Amino acid sequence: MTAEDRIAALEQRLGKVEDLLAIRNLQHAYGYYLDKCLYDEVVDLFAEEGEVIFIGGIYKGKKGAARLYA
């Protein structure tokens, strides 16, 4: 394995670790905001094209999330 191959493999592993940390941070922020009743901040975590499925309802986009949480 060449040095370039090792660097490429390490960069790929680092990218995966960074992605996992970003997901964990998002999950922690979501839980924290819910616990503190910071519903506007919860809504800000969602993408415009995202959707929430909750108790049979589908809430699309930030406006849908705002209807659910705020």
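## Exercises with solutions

Gly 57 lies in strand S2, residues 57–60; strands (E, at least two residues) and helices (H or I, at least four) are DSSP runs, numbered from the N terminus. The model is predicted: local features need pLDDT of at least 70, side-chain atom pairs count only at pLDDT 80 or more, and totals for chains, interfaces and linings use all residues. Residues are numbered from 1 along each chain as its sequence is written, and side-chain values use heavy atoms, with hydrogens and water left out.

**Exercise 1.** Compare the reach of helix H1 with its expected span.

*Step 1.* The expected span is 1.5 Å times one less than the number of residues.
*Step 2.* H1 (residues 3–35) has 33 residues, for which 48 Å is expected.
*Step 3.* From first C-alpha to last, H1 reaches 47 Å, close to that value.

**Exercise 2.** Work out which residues make up the largest nonpolar core.

*Step 1.* Such a core is a set of buried Ala, Val, Leu, Ile, Met, Phe, Trp, Tyr and Cys residues joined through side-chain atoms within 4.5 Å.
*Step 2.* Seven residues qualify here: Val 42, Val 43, Phe 46, Val 52, Tyr 59, Ala 65 and Tyr 69.
*Step 3.* Helices H2 (39–44) and H3 (61–69) each supply at least two residues of this core.

**Exercise 3.** Classify the ring pair of Tyr 32 and Tyr 33.

*Step 1.* Rings of Phe, Tyr and Trp (its six-membered ring) pair if their centres lie within 6.5 Å; planes under 30 degrees apart are stacked, over 60 edge-to-face, and the rest tilted.
*Step 2.* By this rule there are three aromatic pairs.
*Step 3.* The ring centres of Tyr 32 and Tyr 33 are 6.0 Å apart and the planes stand at 65 degrees, so the pair is edge-to-face.

**Exercise 4.** Describe the phi and the exposure of Ile 55.

*Step 1.* Ile 55 sits in the loop between strand S1 (51–54) and S2.
*Step 2.* Its phi is positive, near 45 degrees, in a residue other than glycine.
*Step 3.* With a relative accessible area of 77%, Ile 55 is exposed.

Definitions and conventions: Buried means under 20% relative accessible area, exposed over 50%, partly exposed in between (1.4 Å probe, protein chains only).
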